[in-house]
Amino acid sequence: MNFVIPQPSIAAIPVEGTDAVFPVRRIWCVGRNFADHAREMGHDPDREPPFFFSKPSDAVVPNGGDLPFPVQTQDLHHEVELVVALGKGGTDIDEADALSHVFGYGVGIDMTRRDIQSVAKKMQRPWELAKGFDQSCPVSALKPASEIGHPDAGPIWLKINGDIRQEGDLNQQIWRVEETIAYLSRFVTLEAGDIILNGTPAGVGPCVAGDTLHAHIDGVGDLTVHYVAR
């Protein structure tokens, strides 16, 4: 192809233990997939159909590290999540076959400009500027499912400056990974390179410039992000 402008770079996530990277096509996020988090956000945690929002692929920050504190917010929130990386796609994927579409897993943080989101909710407007801003999706290196299997239980937590803020277990997810994949594939064609953030446990809250966030999922990995003042 003869591009009229330079082709944008492809967002990619390292694969642990290799020099290979996983190219990111789309980022899908599942909202309110832990009952306690749904309650803390003022919603009924009953098993209603999942809902989704997205982030641009270039929101990914591989392996975290030092990040400038985001602009246009006074209320930046953390949401630690299991990252599901798809190695193949499809439409109307059968739940029984859904896990075969997974390449691997990682630890992610869905960073949220909560003040912007709150205004958008009150005005019944989209959330994009609250969720899809620059560097809003730090992600750890991926571990292939061929090595770790498909984690469906185990501690998931996030600390700020060494103090625990979020803590839960993957077995508390309302919608399991295979259910999420199958359901989402009814509405969009999933492709290799798509990643899904499968929801966050209770304890979401603010962080400020100078804070160090450490996110962890047993058997999956760790991710550290340090916010610095602009």
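**A quick tour**

Let's start with Q117, which has its place in helix α2, residues 114–122. Keep in mind that everything here comes from a predicted model.

**Around Q117**

- Q117 counts as buried because its relative accessibility is 3%, and the cut-off for buried is under 20%.
- Leaving aside residues up to four places away in sequence, Q117 touches T112, W127, A130 and K131.

**Strand β8 and its partners**

- β8 pairs with strand β9 (residues 102–109) in the antiparallel sense, over 7 bridges. In that pairing, V83 stands opposite G106 in β9.
- β8 also pairs with strand β15 (residues 195–197), again antiparallel, over 3 bridges. Here the bridge partner of V83 is L197 in β15.

**A three-strand sheet**

- There's an open sheet of 3 strands, in the order β10-β7-β16, with antiparallel pairing. Its edge strands are β10 (112–113) and β16 (205–207), each of which pairs on one side only.
- Strand β7 (residues 76–78) and β16 pair over 3 bridges in the antiparallel sense, and H78 stands opposite G205 in β16.

**Aromatic rings**

- The structure holds 7 aromatic pairs. One of them is F22 with F103: the ring centres are 5.7 Å apart and the planes sit at 25°, so this pair is stacked.
- That pair links distant parts of the chain, with F22 in strand β2 (residues 21–23) and F103 in strand β9, 81 residues apart.
- F22 counts as buried at 6% relative accessibility, whereas F103 counts as partly exposed at 30%.
- F51 and W127 form an edge-to-face aromatic pair, at 6.1 Å centre to centre and 85° between the planes. This pair links distant parts of the chain too: F51 is in strand β4 (residues 51–55), W127 is in the loop between α2 and α3 (128–131), and they are 76 residues apart.
- F51 has 26% relative accessibility, so it counts as partly exposed.
- F52, W175, Y183 and F187 form one aromatic cluster.

**Lysines over rings**

- K55 lies over the face of F133, 5.9 Å from the ring centre.
- K159 lies over the face of W157, at 4.8 Å from the ring centre.

How values were computed: Residues numbered from 1 in each chain as written. Predicted model: local features only at pLDDT ≥ 70, side-chain atom pairs only at ≥ 80, totals over all residues. Heavy atoms only, no water. Helix = DSSP H or I, 4+ residues; strand = E, 2+ residues; numbered from the N terminus. Buried < 20%, exposed > 50% of the residue type's maximum accessible area, 1.4 Å probe, protein only. Contact = heavy atoms within 4.5 Å. Pairing = 2+ DSSP bridges. Phe/Tyr/Trp six-rings, centres within 6.5 Å; stacked < 30°, edge-to-face > 60°. Lys NZ or Arg CZ within 6 Å of the ring centre and 35° of its normal.
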